[in-house]
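Good morning, and thank you for coming.

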Amino acid sequence: MRGCGDICSLAVSQDGRWIVSGDRGEKATVWNAATHEKVREFEHESPVWAVDISSDCSKFVTGSWDYCENVRLFDLPSGTELLPTLAHREVDGVKFSPDNSRLATVSDDSGVRVHCIQDGNVLFDSGDRGSTNSSSFVVTPLAWSSDGQQLFVARKGRITCFDVSDSSSSEWSIHETRSPVSISSNGRFIACSAGKSVSLWDCVSREKIRGTITHTAGINCIALSPSGRYLACGDDYKITIHNLRDVLPMKYLVRGFPLVQVSGETLASWTQGSPTNTEMLLSEEFASTSSPSHHLLKDRTPSIRGQPRASRLPLVRVSGGTFKSWTQGDPTNAETSSSEETASTSSYSHHLPKNRAPLIRGQPRASRPPLVRVSGRTFKSWTQGDPTETETLLSEEIAGTSSPSHYLLANRALIRAHLDHVALATEDAMESLRVQPSPIGYIAMAVALLGQDDGEGALRIFDLAFHDCELDEIRPLLLLKSILIFECGNQEDAIKRVELLATRANDDNDDDSIYLYTQVLGVMYMQRGDYGRAIPLIEHAENLAPKDVQCLPLMTISLIFGWSFNRLDIVTLCETLYFEGRTAEAVEILNIMRSDEETQGHKATTDWVAGTSCSHWSG
């Protein structure tokens with residue numbers, strides 16, 4: 001990949017699809033990260049010192065060294081400029097906030113500003129405070145705190161922290177005072193380069209963490225991996241990757257899993273099946289602090305100390321032997337193992353009798369759609385389209401526990417939104433996020449806000465889901481956001497987003513994803529009334545449909561937004577075929593529906609199809 005001049009700014013999208021660069025040739029360029037092809041180019045009036053991509057991969061921003069209007073916001077997939085150019089002279093840093101609702105810019109001599117993404121209005125202006133005052137180019141002088149309330153700005157000799165909620169600020173000196181500064185943060189600590197060295201700072205206490213990392217040449221720019229474990233440093237001719245595990249205390253490298261939080265080294269030992277070594281590592285962490293966290297104490301309990309460790313699944317707790325039998329598809333042996341565990345203790349856990357319930361005893365286990373976690377009975381009711389019964393079942397589960405999970409609360413919020421119980425849905429979504437921030441919690445809140453006709457609020461809160469998701473959840477979230485945009489009324493933008501996802505799936509030869517996106521596009525065009533495009537897509541999806549396998553992402557869409565992808569959509573297809581003049585095909589499909597045993601069992605549906613179609617033909 002070659003730009004139009006020296007590359008002086010670079011950003012990579014979180015989904016790995018896009019790279020945006022800025023260069024001294026006064027251009028910003030969008031690149032396809034997989035093929036390295038130039039997608040589009042944007043002319044500027046001066047060198048583009050700063051670029052950034054939003055965490056939901058939908059927007060990018062550029063900042064150039066003009067004296068007037070020089071900050072530009074674009075839609076990433078289409079390249080459309082979203083706002084009139086924002087004015088902030090001599091910009092050398094831009095950064096989206098964690099929730100993508102705001103944009104921070106920093107100038108060489110005009111301080112720091114925070115802009116609203118929706119309209120470009122200035123929400124915070126530091127005045128001259130925070131100016132980088134750099135006679136030479138400064139790379140990445142900006143970083144947000146993880147909660148989006150504080151903004152860190154680097155300049156020669158010091159870092160300034162602005163609290164954007166009350167405009168207060170504080171600053172501290174760094175390890176070197178003569179060279180331009182570059183910073184990067186993962187929310188727990190800040191890496192700060194100046195000259196030939198890098199120092200590490202605690203985000204909360206502002207205290208320096210241990211020693212300094214030194215290089216033989218001047219460091220131009222740095223970047224942290226999301227986990228904070230790896231630090232990349234770029235000097236004149238090379239990039240050096242540092243493993244910070246040997247530099248940082250373990251508390252800065254904590255990794256999170258549902259119900260479990262362990263340091264990187266402990267996690268490796270634990271997952272490699274070495275309980276003795278794991279206990280020793282946890283004990284060392286325990287001894288190194290005067291107030292050990294509750295996670296350390298729980299992780300050092302008997303499941304580590306020599307006893308078999310229970311495998312953790314959402315809503316299910318089973319021992320290793322039972323789990324192995326269960327996942328190998330042997331329900332008889334799984335029941336035997338669970339019964340032996342029950343018989344061996346006088347006070348067995350509530351999970352044991354539940355694990356022996358009909359889910360084990362010969363009945364098929366419900367497949368789990370992405371992002372949604374529900375029990376078998378509730379899942380069945382939900383997928384059969386009975387929201388009232390589903391709400392009752394979820395309410396019973398919530399009432400049956402003193403501390404309901406965030407999943408239960410978020411699921412009930414979604415159901416209540418479908419039932420137009422918007423106020424109750426909002427309460428459940430808020431409580432779910434209070435119990436534990438999660439993608440499904442933010443999605444439930446977005447759907448509740450959509451029910452209040454607050455589309456802007458729904459899109460803003462949805463973006464927070466990207467900050468608490470796993471890597472394999474990014475694409476499902478991008479699809480769900482496209483559907484939310486469609487529901488908010490911006491149908492053209494939503495369709496373009498799904499088409500881009502479909503193009504990527506086609507490039508990857510991912511047949512399952514091609515089927516998924518084809519189905520969604522067919523429904524979008526159908527709802528839009530563009531039958532000429534909807535019909536070929538629906539027919540193509542029928543040919544792509546996996547045999548005897550449910551498409552779990554489509555189930556997630558149905559559960560969250562109430563969209564239908566089942567075969568009853570053929571009714572709509574028949575009407576559409578008639579309107580398009582393809583009467584013979586419509587009649588053929590109607591005859592198939594009438595002769596189908598499953599449809600014959602629903603006489604009301606058959607009569608409705610015949611009556612509706614005949615009324616159209618008779619007209």
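Let me begin with a definition. In what follows, Asp, Glu, Lys and Arg count as charged; Ala, Val, Leu, Ile, Met, Phe, Trp, Tyr, Cys and Pro count as nonpolar; and the others, Gly among them, count as polar. Please also keep in mind that this is a predicted model.

With those classes in hand, we may turn to the second largest pocket. Its space comes to about 520 Å³. The lining of this pocket consists of 25 residues, and those that lie nearest its centre are K59, L459, N490, D493 and R497. How do the residues of this lining divide into nonpolar, polar and charged? There are seven nonpolar, eight polar and 10 charged residues. As for where they come from, strand 7, helix 12 (455-462), helix 13 and helix 14 are the elements that each give two or more residues to this lining.

The largest cavity holds about 120 Å³ of space. Among the residues that line the largest cavity are D15, R17, W18, D56, L478, S482 and R497. Two elements give two or more residues to that lining, namely helix 13 (474-487) and helix 14 (491-507). Which element gives the most to the lining of the largest cavity? Helix 14 does, with three residues. By class, the lining of the largest cavity has six nonpolar, two polar and four charged residues.

You will have noticed R497 in the lining of the largest cavity, and R497 also lies in the lining of the second largest pocket. This residue leads us to the salt bridges, of which the count comes to 16. R497 forms one of them with D75, and their closest N and O atoms are 3.7 Å apart. This pair links distant parts of the chain, since R497 sits in helix 14 and D75 in strand 7 (residues 69-75), 422 residues apart. Are R497 and D75 buried or exposed? Both residues are buried.

Another pair joins R158 with E171, where the closest N and O atoms are 3.2 Å apart. R158 belongs to strand 15 (residues 158-163) and E171 to strand 16 (residues 168-173), and 13 residues separate the two.

Finally, let us return to helix 14, where T503 is found. T503 is partly exposed, with a relative accessible area of 43%. From C-alpha to C-alpha, T503 and I514 are 8.4 Å apart in space, and they are 11 residues apart in sequence.

Thank you for your attention.

Notes
Residues numbered from 1 in each chain as written. Predicted model: local features only at pLDDT ≥ 70, side-chain atom pairs only at ≥ 80, totals over all residues. Heavy atoms only, no water. 1 Å grid on protein atoms, 1.4 Å probe; cavity = no way out; pocket = protein on both sides within 12 Å on 5 of 7 lines; lining within 4 Å. Points joined across faces, edges and corners; volume = space filled by probe spheres on them. Helix = DSSP H or I, 4+ residues; strand = E, 2+ residues; numbered from the N terminus. Salt bridge = Lys/Arg side-chain N within 4 Å of Asp/Glu carboxyl O. Buried < 20%, exposed > 50% of the residue type's maximum accessible area, 1.4 Å probe, protein only.
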